[in-house]
Amino acid sequence: MASASFLKSSPVLKTEWTKGQSLRQPPSSSVSLVRSRPTTFTVRATTSYADELIKTAKTVASPGRGILAMDESNATCGKRLASIGLENTEANRQAYRTLLVSVPGLGQYISGAILFEETLYQSTVEGKKMVDVLVEQNIVPGIKVDKGLVPLAGSNNESWCQGLDGLASRTAAYYQQGARFAKWRTVVSIPNGPSALAVKEAAWGLARYAAICQESGLAPIVEPEILLDGEHGIERTFEVALKVWAEVFYYLAENNVLFEGILLKPSMVTPGAECKDRATPEQVADYTLKLLQRRIPPAVPGIMFLSGGQSEVEATLNLNAMNQSPNPWHVSFSYARALQNTCLKTWGGRPENVKAAQEALLIRAKANSLAQLGKYTGEGESEEAKKGMFVKGYVY
């Protein structure tokens with residue numbers, strides 16, 4: 001930290017200011033001259049990792065590429081394995097993760113992979129570090145650093161994300177292990193409010209996490225997921241998203257976060273999953289881009305959308321619609337289920353199906369790569385890829 005004191009005693013103008021508004025001068029007739037008191041300004045020294053953070057963010061946000069989110073907790077990974085009849089053992093998790101990271105040519109479409117802590121320290125079934133396998137494919141390793149959601153006292157049955165305690169030491173260790181970016185997922189529920197308390201807690205937690213990560217050399221993904229749960233229409237989602245992102249960037253600035261060294265992982269602006277009025281990809285793109293234009297500074301390199309329970313095809317179509325004209329940011333994807341679903345079912349836990357499963361993942365990665373470039377057509381998609389994956393109250 002570096003600080004500098006500037007002492008000044010000179011006439012200043014009285015002004016009125018409230019959070020979220022511009023400085024407003026009173027009418028000229030009411031201007032009065034007052035003598036200011038000495039004021040101390042603290043200037044934060046730029047993190048020593050600034051150049052590396054910017055390089056990492058730009059690498060992940062490279063044309064035609066996006067993020068493979070494979071950071072499911074061991075419990076969530078167990079649910080995925082159970083869906084194909086496998087036990088939740090470390091050996092089975094290792095086998096599935098090995099399948100994912102070793103897909104030939106994956107780095108052509110995938111720029112970053114978010115890992116769970118176990119995976120960051122894990123080797124493939126062949127004995128090679130998974131981090132090394134990713135780096136050889138020009139894929140940047142990332143790490144999930146939050147400790148999950150817990151009830152938020154004083155709220156309307158809402159949640160907050162824990163994990164700030166000990167985060168500085170953990171992120172330093174993750175950097176040494178090869179991670180170069182991080183993820184922290186908090187959520188906002190529209191049916192439960194969202195309350196001002198929940199929005200502020202989500203924004204403040206994300207800002208503290210982001211600042212701590214940057215001090216350790218990890219480019220933070222900022223992810224306030226607005227859950228799909230509910231019967232609300234797209235206008236209500238848009239209204240809530242405006243509020244949430246205004247708070248997030250207010251607190252990011254308050255915590256001196258380097259915008260050029262972060263990535264965002266927002267929800268697309270869609271109707272609630274139980275809303276009867278569905279939206280076309282063009283409507284989703286229109287509302288989502290309008291949100292980004294009103295709230296996201298162009299200094300941010302990449303917007304890596306989450307799929308949030310959309311079908312594989314729906315998530316790709318919506319992304320494609322957002323890339324039909326140039327954007328100030330790299331608008332791409334950070335998908336888990338929307339990349340892995342068909343791959344997992346194709347594998348089924350059988351060694352003889354590994355190659356076919358890897359081809360299925362590569363097909364989805366290529367489709368989303370085309371969508372990032374605005375060139376996806378949707379032709380030849382399987383029925384499995386069109387199935388929705390929404391789970392009410394989803395826990396990651």
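Reader: What should I know before I look at the residue numbers and values?

Author: Residues are numbered from 1 along each chain as its sequence is written, and side-chain values use heavy atoms, with hydrogens and water left out. Because the model is predicted, local features need pLDDT of at least 70 and side-chain atom pairs count only at pLDDT 80 or more, while totals for chains, interfaces and linings use all residues.

Reader: How many residues does helix α3 have, and how far does it reach?

Author: Helices are DSSP runs of H or I with at least four residues, and strands are runs of E with at least two, numbered from the N terminus. Helix α3 (residues 90-101) has 12 residues and reaches 16 Å from its first C-alpha to its last, close to the 16 Å expected at 1.5 Å a residue, where the expected span is 1.5 Å times one less than the number of residues.

Reader: Why is strand β4 described as largely enclosed?

Author: Buried means under 20% relative accessible area (1.4 Å probe, protein chains only). In β4 (residues 110-115), 6 of the 6 residues are buried, so the rest of the structure largely encloses this strand.

Reader: Which strands form the barrel, and in what order?

Author: Strands of a sheet pair through backbone hydrogen bonds, either parallel or antiparallel. Here two strands pair if DSSP finds at least two bridges between them, and 8 strands close into a barrel with parallel pairing, in the order β3-β4-β5-β8-β9-β10-β11-β12. Within it, β3 and β4 pair over 5 bridges, with isoleucine 67 facing glycine 112 of β4 as its bridge partner, and 4 bridges join β4 to β5 (residues 140-144).

Key:
Buried < 20%, exposed > 50% of the residue type's maximum accessible area, 1.4 Å probe, protein only.
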